[in-house]
Amino acid sequence: MGDLLLLRHGETAWTLSRQHTSHTDLPLTPHGEDEAARVAAVLRGHDIALALSSPLRRAVRTAELAGVSGPEIDPDLSEWDYGGYEGVTTAEIHRTRPTWNLWTDGVATGPADHPGESPEDVGRRADRVLARVEPLLRDPAVGDVLLVAHGHILRVLTARRLGLPPSAGSLFALDTGTVSRLGTEHGRPVIKAWNTTGAPASGAVSLSGAVPRPRRPVRNS
């Protein structure tokens, strides 16, 4: 069976400012481009049978810099629709909703074209992606599947792959410019590696585990 590789896009200006970013189509920062380029070393040597990407340019550009050729665009890999909280930080939300938690409370209603999603809404999208790639993952003659997307959708997808509710994505902190690997053990889905980063210069990198390096704080997508 192949493994499911999860690539979170590199840093953007709003990951630095901690603003919730879903449909706002921001480019990568120079540091984010560097993060994405380093990931090429992580993916090298993996036989990728299918690569899917979010349609947003921060994901598409990350795929390009990571050496992923021609990923298919899948709208279900778009980031959680934050509705009325698009561009708003958690600290700002807590001024009026001190106990607010994205994973259990969802978001405030937004405009008609981006009304916002509940954890269950995002979970349904994740389930569609998983159903699409499951036949490939089960075929011993096919390689790995790569998903290039955003922090929260990939965390929800991880939870669903492991048989957990969407809200359990809260357990899986995911940094920018990293690759994680979901595989199987005795036929059951497991995490094989998490937050693997590209090493600078000549450092050898694999997906057998995380490669430590100084990082900026974890931000929203």
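Modeller: First a term: pLDDT is the predictor's confidence in each residue, on a scale from 0 to 100. The mean pLDDT of the protein chain is 92, and 90% of its residues reach 70 or more. Over residues 201-205 the value is below 50, and that stretch has seven contacts (heavy atoms within 4.5 Å) beyond near neighbours in sequence. Residues 209-219 also stay under 50, with 28 contacts beyond four places in sequence. Where pLDDT is low, the predicted coordinates should not be read in detail.

Some ground rules. This is a predicted model, where local features need pLDDT of at least 70, side-chain atom pairs count only at pLDDT 80 or more, and totals for chains, interfaces and linings use all residues. Residues are numbered from 1 along each chain as its sequence is written, and side-chain values use heavy atoms, with hydrogens and water left out.

Now the core. A nonpolar core is a set of buried Ala, Val, Leu, Ile, Met, Phe, Trp, Tyr and Cys residues joined through side-chain atoms within 4.5 Å. Buried means under 20% relative accessible area, exposed over 50%, partly exposed in between (1.4 Å probe, protein chains only). The largest core has 32 residues; Leu 4, Leu 6, Trp 80, Leu 147 and Leu 157 have the most contacts inside it. Elements giving it two or more residues include strand S1 (4-8), strand S4 (144-149) and helix H6 (119-138). Helices (H or I, at least four residues) and strands (E, at least two) are DSSP runs, numbered from the N terminus. H6 supplies the largest share, six residues. Apart from this core lies another, of 13 residues, among them Ala 59 and Val 148.

Take Leu 6, in strand S1. Leu 6 is buried, at 1% relative accessible area. Beyond four places in sequence, its partners include Leu 147, Leu 154, Leu 157 and Trp 194. Leu 52 is 46 residues from Leu 6 in sequence, yet their C-alpha atoms are 9.9 Å apart.

Then H6. A kink of about 35 degrees lies at Arg 132, shortly before Pro 135. That bend is the angle between axes fitted to the seven residues ending there and the seven starting there. Buried residues of H6 include Val 122, Ala 126, Val 129, Leu 130 and Val 133. An α-helix has 3.6 residues a turn, so residues three or four places apart point the same way. Among the elements covering the buried residues of H6 are S1, S2 and H7.
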